Amino acid sequence: MRFHDAHNHLQDERFAGRQGELVAASRALGVARMVVNGSCEADWPQVGALAREFTNFVVPSFGLHPWHVGGRTPHWREALVELLDATPGAVVGEIGLDRWKPGLAYAGQEEVFVGQLRLATERNVAASIHCLQAWGRLLELLQTNPRPARGFLLHSYGGPAEMVVPLVKLGAHFSFPGYFMHERKARQREAFKLVPAERLLIETDAPDQLLPDRANALPLGDASTGKSLNHPANLPAVYQFMAELRGEPLATLVAQIEGNFCQLFGVAPRD
Ligand SMILES: [Zn+2]
């Protein structure tokens with residue numbers, strides 16, 4: 001079976017140079033592709049390098065994450081445009097809005113988000129969107145700005161169930177992270193029951209959004225802090241959980257997600 005990770009951060013420095021080993025372990029368990037999201041100007045070159053090293057496996061995605069809006073340089077936009085133009089198959093993300101993170105300024109986030117959504121729209125490539133505690137504004141901005149014709153991804157969708165239908169109308173796809181397998185994430189799982197099959201994706205968000213211990217077959221530690229990291233090869237376990245949640249055979253879900261992934265991210269299905 002071929003599993004597709006709609007969202008992770010393989011370039012993350014907490015992986016400390018172990019990327020080759022993580023990719024090999026993921027491939028061995030059937031992972032066919034992963035979208036690797038840059039989040040700031042400093043990590044974009046590493047995302048580009050991973051896409052060159054792991055061709056037809058890493059889908060490179062470049063964006064300025066809301067947590068890094070305050071640290072952007074005056075040239076961030078030109079640098080992003082240059083990378084999108086120069087990198088084959090590049091998509092936009094991670095971008096978004098965040099009113100949850102303590103101490104994070106909201107000023108500037110909307111302008112940076114809308115500007116990047118526009119870059120994705122002009123190129124008709126997917127945009128991967130992070131949103132925490134700003135769902136009302138996100139919906140308004142999506143309704144009043146141009147959006148990529150091929151659609152966009154709401155990664156780790158944790159918004160209200162009532163917003164699924166209006167977001168679907170705008171072109172939203174929704175990716176489910178292993179973190180929502182935790183008992184306490186029942187509200188988020190309910191929202192996912194309303195997502196149409198053709199708009200559903202699965203993600204790890206590795207190294208973040210750790211699975212519950214019972215499902216985490218691949219324990220991985222951050223060598224410098226000792227904290228647990230989410231291994232990208234945990235992806236098949238998240239698929240298994242979703243197949244059970246939807247009450248359908250794993251093979252059916254795998255085929256559906258592969259089609260959704262290839263359409264949204266503009267890649268050809270693997271042989
Ligand atoms: Zn992310």
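**Briefing: surface patch, salt bridges and backbone geometry**

Trp100 sits in the loop between strand 4 (91-98) and helix 4 (109-123); helices (H or I, at least four residues) and strands (E, at least two) are DSSP runs, numbered from the N terminus. This is a predicted model: local features need pLDDT of at least 70, side-chain atom pairs count only at pLDDT 80 or more, and totals for chains, interfaces and linings use all residues. Residues are numbered from 1 along each chain as its sequence is written, and side-chain values use heavy atoms, with hydrogens and water left out.

**Surface patch**

- Trp67, Trp100 and Leu132 make a nonpolar surface patch of about 290 Å².
- Patch residues have over 30% relative accessible area and no salt bridge; like charges are joined within 9 Å, nonpolar side chains (Val, Leu, Ile, Met, Phe, Trp, Tyr) within 5 Å.
- Accessible areas come from the Shrake-Rupley method with a 1.4 Å probe; for residues, only the protein chains shown count as cover.
- Trp100 counts as partly exposed because its relative accessibility is 44%; buried means under 20% relative accessible area, exposed over 50%, partly exposed in between (1.4 Å probe, protein chains only).

**Salt bridges**

- The structure holds eight salt bridges, each a side-chain nitrogen of Lys or Arg within 4 Å of a carboxyl oxygen of Asp or Glu.
- Arg123 is partly exposed at 26% relative accessibility, whereas Asp85 is exposed at 56%.
- Arg137 pairs with Glu110, their closest N and O atoms being 2.8 Å apart.
- That pair links distant parts of the chain: Arg137 is in helix 5 (residues 135-144) and Glu110 in helix 4, 27 residues apart.
- Arg137 is partly exposed, with a relative accessible area of 28%.
- Glu190 forms a salt bridge with Lys193, with closest N and O atoms 2.9 Å apart.
- Glu190 is partly exposed at 43%, and Lys193 is partly exposed at 47%.
- A network of salt bridges links Asp12, Arg14 and Asp208.

**Backbone geometry**

- The Gly93 to Glu94 peptide bond is cis, with omega near 20°, and Glu94 lies in strand 4.
- Ala206 and Pro207 are joined by a cis peptide bond with omega about 10°.
- Pro207 lies in the loop between strand 8 (200-203) and strand 9 (220-221).
- Asp205 is found in the loop between strand 8 and strand 9; though not a glycine, Asp205 has a positive phi of about 60°.
- Asp205 is buried at 7% relative accessibility.
- Ser156 is not a glycine, yet has a positive phi of about 50°.
- Ser156 sits in the loop between strand 6 (152-155) and helix 6 (164-170) and is buried at 11% relative accessibility.
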